[in-house]
Amino acid sequence: MNEKGIIYPVKAKGDPHIGPDAIMAIINSDLKYLTEISNARKLSFSEMDLYSLFLVPDGQGRGVTVAGPFLGAPHAVMGLEKLVVSGAERIWVLGWCGSLQPHIHTGHIIVPASAVSEEGTSPHYPIPGRAIESDGELNEALENELTGQGLSFSKGAVWTTDAVYRETPAKVKAYQEKGLLAVEMEISALMTVAIYRSVSLAGLLVVSDELYDLRWKRGFSSRELKRASRKACEVLLNIAGSCV
């Protein structure tokens, strides 16, 4: 049964009506870079204590909205719900992830085509018979843009978890053997809610750390991560608004 929640997303009085394209920047440093290079203007809205909302001027992103940062599936889904009810139809996500595969290192870009959910938000959004996956047309646009800019990337499934401290060796090995590329904390819920709300969603994940050899190799301060994250920001800013 698809019942409407007692508490449901609304566009509050005074909230801006946004255009069809929105970029969700999960990480604060990516949000700052996106808004700086696009001269985006910060908007006032009813949930501004939870995350920020910016408008990219026409001509530099075709009126694209940028939102973030977010932490984990529940927080990200709150932002997505607000974007959808405010007018967004195509959602472009940018986040970081941990590599599960030995050929994928810090700074590599991943196009998440599908996700395995170990988070608690998506089960509340029933999508019977549907796989948890991103939008094929938006993925194709991303792949074309990445290829056109000469950026290497991988496309495939990722694992989403709520429990960052419970990425155990057994789980890493199991998902690694199934061919999953990486682990992160938001994308399966965002994919699910996008399907539930009948909007299109795709995105990019940049590898920030490595777990594939069952040891944690941090890359959060690396030049590779900074460079790839900035390239990913530029890709999304270039493409958002152009897929009609």
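1. Buried means under 20% relative accessible area, exposed means over 50%, and partly exposed lies in between, with a 1.4 Å probe and protein chains only; by that scale E118, at 28% relative accessible area, is partly exposed. The model is a predicted one, in which local features need pLDDT of at least 70 and side-chain atom pairs count only at pLDDT 80 or more, while totals for chains, interfaces and linings use all residues. Residues are numbered from 1 along each chain as its sequence is written, and side-chain values use heavy atoms, with hydrogens and water left out.

2. E118 is also a partner in a salt bridge with K171, at 3.1 Å from N to O, where a salt bridge is a side-chain nitrogen of Lys or Arg within 4 Å of a carboxyl oxygen of Asp or Glu. K171 lies in helix α4 (residues 169-177) and E118 in strand β6 (residues 109-118), so the pair ties together parts that are 53 residues apart in sequence. Helices (H or I, at least four residues) and strands (E, at least two) are DSSP runs, numbered from the N terminus.

3. The structure holds 6 salt bridges, and one of them joins the side chains of K82 and D15, at 2.5 Å from N to O. This pair links distant parts of the chain, with K82 in helix α2 (residues 72-85) and D15 in the segment before β1 (21-25), 67 residues apart. K82 is buried, with a relative accessible area of 6%, and D15 counts as buried too, at 7% relative accessibility.

4. Another salt bridge brings together the side chains of E81 and R197, at 2.8 Å from N to O. E81 belongs to helix α2, whereas R197 sits in the loop between α5 (187-196) and β9 (200-210), 116 residues apart, and the pair thus links distant parts of the chain. E81 is buried, with a relative accessible area of 7%, whereas R197 is partly exposed, with a relative accessible area of 33%.

5. Helix α2 also packs in contact with α5: the axes of the two come within 9 Å and cross at roughly 30 degrees, where axes are lines fitted to C-alpha atoms, for helices over the stretch in contact, and angles run from 0 to 180 degrees between N-to-C directions. That makes α2 roughly parallel to α5, given that angles under 35 degrees count as roughly parallel, over 145 as roughly antiparallel, 65 to 115 as roughly perpendicular and the rest as oblique. The crossing of α2 past α5 is right-handed; a crossing is left-handed if the near helix is turned anticlockwise from the far one by less than a right angle, and right-handed if clockwise. On the α2 side A73, A76, V77, L80 and E81 meet A189, L190, V193 and A194 in α5, contact meaning heavy atoms within 4.5 Å. These residues divide into 8 nonpolar, no polar and 1 charged, where Ala, Val, Leu, Ile, Met, Phe, Trp, Tyr, Cys and Pro count as nonpolar, Asp, Glu, Lys and Arg as charged, and the others, Gly among them, as polar.

6. A further helix pair is formed by α1 (residues 28-38) and α6 (residues 223-239), whose axes come within 10 Å and cross at roughly 50 degrees. That angle makes α1 oblique to α6, and α1 passes α6 in a right-handed crossing. The contact is made by D30, Y33, L34, I37 and S38 of α1 with S229, R230, C233, E234 and L237 of α6, and by class it has 5 nonpolar, 2 polar and 3 charged residues.

7. K155 lies in strand β7 (residues 153-161) and is partly exposed, with a relative accessible area of 43%. Leaving aside neighbours within four places in sequence, K155 is in contact with V111, A113, N139, E143 and L181. The C-alpha atoms of K155 and E143, 12 residues apart along the chain, are separated by 8.8 Å.

8. Some backbone features deserve a check against the model. A cis peptide bond joins G68 and P69, with omega about -10 degrees, and P69 lies in the loop between β4 (65-68) and α2. S198, although not a glycine, has a positive phi of about 60 degrees; its place is in the loop between α5 and β9, and S198 counts as exposed at 66% relative accessibility. L214, likewise not a glycine, has a positive phi of about 65 degrees, and this residue is found in the loop between β9 and β10 (217-218), where L214 counts as partly exposed at 41% relative accessibility.
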